[in-house]
Amino acid sequence: MMALNIAHQTGAAAAVAVAPRSAVVAAAASGAAPSVAPAAAPALQAQTIMVDPAPAQAPDSVKPDLAMACQALVESVPEAEHPDVAAELKSKAGVPVFVMMPLDTVRKDGNSLNRRKAVEASLAALKSAGVEGIMVDVWWGIVEAEGPGQYNFNGYMELMEMARKNGLKVQAVMSFHQCGGNVGDSVTIPLPKWVLEEMDKDQDLAYTDRSGRRNYEYVSLGCDTMPVLKGRTPIQCYADFMRAFRDHFATYMGNTIVEIQVGMGPAGELRYPSYPEANGTWSFPGIGEFQCYDRYMLSSLKAAAEAVGKPEWGNAGPGDSGSYKDWPEDTPFFRREGGWNTEYGQFFMSWYSHMLLEHGERILSAATGVFTAAPGVKISVKVAGIHWHYGTRSHAAELTAGYYNTRHHDGYLPIARMLARHGAVLNFTCVEMRDHEQPQDAQCRPEALVQQVAVAARESGVGLAGENALPRYDETAHDQVVATAAEKAEEERMVAFTYLRMGPDLFQPDNWRRFAAFVKRMSGAGKQDMCREQVEREASGVAHATQPLVQEAAVALTN
């Protein structure tokens with residue numbers, strides 16, 4: 001079994017003939033080495049450069065010292081006041097457990113649920129086991145399939161009502177990406193047809209690699225602010241979708257629907273589609289490829305290079321960074337003392353990661369604007385657990401995904417600070433993984449990665465939530481999650497954990513008994529009188545009491 005975190009993949013990126021201008025904000029905070037707890041650094045003076053698609057010569061006023069300019073191209077903007085989200089979410093003992101629903105919970109026509117009886121039995125069983133709630137993908141490709149601004153939430157309304165009747169909370173994922181073509185994808189749900197039509201007309205709306213390969217899973221962040229989708233910008237489309245969701249489910253907001261996870265890229269994660277598995281393009285543990293070759297990404301790169309007085313850096317990404325299935329030492333750019341650690345490499349990675357941070361800022365600004373009026377609803381953002389090659393100096397697989405995380409530079413602190421400015425929760429994956437379970441030659445370090453992200457979240461005052469990257473039903477995985485998420489001092493405890501995924505395997509008798517014990521251990525965090533034997537006895541009681549429901553759910557889900 002491959003040990004990695006991926007789910008859905010195939011994206012999209014940017015282009016229009018006439019171009020509104022987009023701002024490249026360069027504000028820096030120095031990155032600490034990931035191996036130690038990163039310390040907050042003073043922000044350098046912010047510089048804002050207005051970038052045209054056909055950029056003219058950068059004004060002389062934007063040519064500071066090269067080293068500082070390269071550094072200033074990315075990290076973070078000055079921190080704003082924000083509520084202590086982490087403290088607020090950790091006010092009750094234990095870590096609430098949510099369970100991901102099947103990807104095809106709602107029919108593709110959007111009108112009703114698939115396997116309704118299975119869903120009913122499953123929700124009742126989950127509630128009996130002490131589960132806090134469920135997570136469900138609200139697919140853009142289903143809800144707004146018929147045309148711009150035409151929303152069909154009927155199937156999701158059926159699910160929300162069912163969750164409410166069972167006393168379960170809901171984490172709703174605004175899934176603006178395609179489902180299909182990657183690990184765990186049991187169905188294919190493309191982007192709305194009218195979006196794909198625009199991408200077919202202008203293929204620069206799709207993320208693009210150095211070979212010109214287009215990725216249709218998610219609209220490229222390069223055109224976030226361009227009216228390329230039937231007169232609306234992608235950000236406007238996402239905001240309108242979220243507003244329609246909020247209005248449609250107004251009576252559920254804050255009581256049943258308690259979290260909105262905002263999709264920001266492939267698999268719903270804030271990253272580039274650097275490791276697409278579809279058609280054998282990538283395979284684990286390849287380093288992936290940079291996704292910056294659509295017209296709008298290249299336009300921004302060109303302007304950024306001119307702004308630091310190095311126009312020759314703006315023509316393309318690194319030409320020696322290898323291909324999807326390569327390993328770091330196969331490439332001049334990512335090897336031990338490679339191009340990633342040169343002035344050019346620092347400039348490029350600063351620009352590339354900053355574009356991703358700006359994308360996150362834009363979507364979070366839209367999301368907070370929509371959901372501020374919904375008390376009791378948290379916003380979260382999912383960050384990928386790219387643990388392979390983490391033990392190398394360059395962290396190549398993280399770099400191609402847009403996380404500027406190396407032996408010398410912390411890539412997760414700027415993300416956590418961005419989330420803190422919007423009061424959002426950081427949702428991270430691969431919490432179930434142990435280092436020794438992974439291929440050692442690929443320098444996999446999931447435990448160290450989770451720890452680094454936890455430090456970034458804690459320093460930023462951001463709530464940290466977790467998920468398992470791959471389906472696991474064994475006690476070894478459960479033990480790792482409990483130790484990482486729940487058996488911590490209160491200030492280090494995760495605010496929630498979402499279990500991947502509801503299906504017939506979960507409801508097999510032994511798996512179900514172990515899962516019931518896992519939920520009790522998570523919810524009992526901090527209680528000194530909880531012993532393993534007591535948990536096992538209670539879990540066996542739950543398994544016995546729910547046996548009819550579980551059998552019904554397993555059969556119905558299998559069919």
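What share of the contacts in the protein between residues at least 6 apart in sequence join residues at least 24 apart? The share is 80%, where contact means heavy atoms within 4.5 Å.

This is a predicted model, in which local features need pLDDT of at least 70 and side-chain atom pairs count only at pLDDT 80 or more, while totals for chains, interfaces and linings use all residues. Residues are numbered from 1 along each chain as its sequence is written, and side-chain values use heavy atoms, with hydrogens and water left out.

**Overall make-up**

The protein has 16 helices and 12 strands. Helices (H or I, at least four residues) and strands (E, at least two) are DSSP runs, numbered from the N terminus. Of its 559 residues, 62% are buried. Buried means under 20% relative accessible area, exposed means over 50%, and partly exposed lies in between (1.4 Å probe, protein chains only). The accessible surface of the protein is about 19,800 Å², and carbon and sulfur atoms hold 50% of that area. Such areas come from the Shrake-Rupley method with a 1.4 Å probe; for residues, only the protein chains shown count as cover.

**The barrel**

Eight strands form a closed barrel with parallel pairing, in the order 3-4-5-8-9-10-11-12. Neighbouring strands of this sheet are turned by 30 degrees against each other on average, direction ignored. Two strands pair if DSSP finds at least two bridges between them. Strand 8 (residues 257-262) and strand 9 (residues 378-383) run parallel and are joined by 3 bridges.

Helix 12 lies across strand 10 (425-428) and strand 11 (464-467), at about 180 degrees to strand 10. Axes are lines fitted to C-alpha atoms, for helices over the stretch in contact, and angles run from 0 to 180 degrees between N-to-C directions.

| Helix pair | Axes come within | Crossing angle |
|---|---|---|
| Helix 11 (residues 413-421) and helix 12 | 9 Å | roughly 40 degrees |
| Helix 3 (residues 116-128) and helix 16 (residues 547-558) | 8 Å | roughly 145 degrees |

The crossing of helix 11 and helix 12 is right-handed, whereas that of helix 3 and helix 16 is left-handed. A crossing is left-handed if the near helix is turned anticlockwise from the far one by less than a right angle, and right-handed if clockwise.

From helix 11, Leu413, Ala416, Arg417 and Ala420 meet Ala456, Ala457, Glu459 and Ser460 of helix 12. By class, this contact of helix 11 with helix 12 has 5 nonpolar, 1 polar and 2 charged residues. Ala, Val, Leu, Ile, Met, Phe, Trp, Tyr, Cys and Pro count as nonpolar, Asp, Glu, Lys and Arg as charged, and the others, Gly among them, as polar.

In the other pair, the residues in contact include Ala118, Ala121 and Ala125 of helix 3 and Leu549, Ala553 and Leu557 of helix 16. The contact of helix 3 with helix 16 has 9 nonpolar, 1 polar and 2 charged residues.

**A hairpin**

Strand 6 (residues 206-208) and strand 7 pair in the antiparallel sense over 3 bridges. Thr208 has Arg214 of strand 7 as its bridge partner. The hairpin has 5 residues between the strands, and Gly212 there takes a positive phi near 85 degrees. Strand 7 (residues 214-219) is largely enclosed by the rest of the structure, because 5 of its 6 residues are buried.

**Helix 13 and Lys488**

The buried residues of helix 13 (residues 475-486) include Ala477, Val481 and Ala485. Its buried residues pack against helix 12 (446-460), strand 12 (496-499) and helix 14 (509-523). Lys488 lies in the loop between helix 13 and strand 12. Lys488 has a relative accessible area of 28%, so this residue is partly exposed.

**Backbone exceptions**

Most residues other than glycine have a negative phi, and most peptide bonds are trans. The bond from Phe284 to Pro285 is cis, with omega near 5 degrees, and the bond from Leu500 to Arg501 is cis, with omega near 0 degrees. Asn279 has a positive phi near 60 degrees and is exposed at 81% relative accessibility. Cys430 has a positive phi near 60 degrees and is buried at 0%.
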